[in-house]
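Trainee: I would like to learn how to read salt bridges in a model. Where do we start?

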Amino acid sequence: MCGTGESFEADLLIGADGVDSVVRAHLYPHEGPAIGNGITMWRGLSRGLAYRDGRTMLVIGCNSTEKAVVYPITAPDPAGLCTINWVVESHTPGGEVPEVISPAVVTKLLAGWNHAEIDLRRMIEDCEEITTFPMIDRNPLPSWTRGRTVLIGDAAHPMYPTGSNGASQAVIDARVLAYYLAILPVDEALWAFDALRRPETSGLLAAHRRLEPDQLLYRVETLAPEGFEDIASVLSRAELDDIAATGRRVTGLSVQEINTMRSWSVSVG
Ligand SMILES: Cc1cc2nc3c(=O)[nH]c(=O)nc-3n(C[C@H](O)[C@H](O)[C@H](O)COP(=O)(O)OP(=O)(O)OC[C@H]3O[C@@H](n4cnc5c(N)ncnc54)[C@H](O)[C@@H]3O)c2cc1C
């Protein structure tokens, strides 16, 4: 058992132990640490006034080096306040990140930012605890399976969180692996899982390295460097739809695909 020095026998070992997976390191002892792309993310929870319909995610890009993602995680209270999750990301050349993360470290990045609907600077100043994450991933592996050991989730395919779907992919892994284990002998199930999920997630990983989910921000910054009042004056409806469809193509999660997908449930009895 991890950390206790005890050991025991099992039919199957599923390595679901995250980006610094010990199980992965056993399978690939020469891989080394996760790979950073020079972007650091600061993240926190703050109380703030609900905006729009109270359940909207805002992705705000001032330029192609700084970005913020903001979304509420509670319903508004009678005073209209809710708990809001925010992430601010910025290029940190040389990977130099201050050891002590004070709100001032993050608000400094937002100099010149002005958003009509949320007071992000105030939210960050009021935040009690700010956590720091380097943007890291790992190269795709030639196999997730060796003998009766298999990797899933971030242990198998850590990717940049720009597409907000690492956790969803981990859940899909669990569903698919459970499905195959229910219908096939264990060894065949592991290979069926590997054959399906490894190419899918490798494609996602590559798309996230190209920062495809941020294409809209980059395009708008190029076309309207001084800002804009109405997005319709910058991009046509067709262009906006095409960019939105790119995101869905990357994750393979268009509404039509989801609605026609077969279930990974196994009927019992
Ligand atoms: C800033 C940021 C924002 C993100 N935003 C999103 C988002 O909006 N949407 C989304 O879908 N994903 C997001 N992700 C990605 C998401 O967090 C991960 O993809 C997801 O948590 C992976 O789940 P996992 O279970 O594979 O690994 P983890 O969540 O890392 O879980 C691994 C578990 O294994 C345990 N563990 C590790 N080593 C050992 C050991 N030796 N012994 C015992 N236990 C061990 C750990 O304690 C942990 O509980 C984000 C990630 C970051 C960094």
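Trainee: Is D77 buried, partly exposed or exposed?

Mentor: The model is predicted. D77 has a relative accessibility of 28%, so D77 counts as partly exposed, because that class lies between the 20% and 50% cut-offs.

Trainee: Which side chain does D77 meet in a salt bridge?

Mentor: The general idea is that side chains of opposite charge can pair when their charged atoms come close. Here D77 forms a salt bridge with R47, at 2.9 Å from N to O. R47 belongs to strand β2, while D77 sits in the loop between β4 and β5, so read this as a link between distant parts of the chain, 30 residues apart. R47 is partly exposed as well, at 41% relative accessibility.

Trainee: Where do E89 and K67 lie, and are they buried or exposed?

Mentor: E89 is in strand β5 and K67 in strand β4, 22 residues apart. Both are buried. Their side chains meet in a salt bridge with an N to O distance of 4.0 Å.

Trainee: How many residues apart are R237 and D241 in helix α7?

Mentor: They are 4 residues apart, about one turn of the helix. Their salt bridge has an N to O distance of 3.3 Å. R237 is exposed at 59%, whereas D241 is partly exposed at 39%.

Trainee: How many salt bridges does a search of the whole structure find?

Mentor: The search finds 15. Salt bridges also link D20, R24, E31 and R138 in a network.

Technical notes:
Residues numbered from 1 in each chain as written. Predicted model: local features only at pLDDT ≥ 70, side-chain atom pairs only at ≥ 80, totals over all residues. Heavy atoms only, no water. Helix = DSSP H or I, 4+ residues; strand = E, 2+ residues; numbered from the N terminus. Buried < 20%, exposed > 50% of the residue type's maximum accessible area, 1.4 Å probe, protein only.
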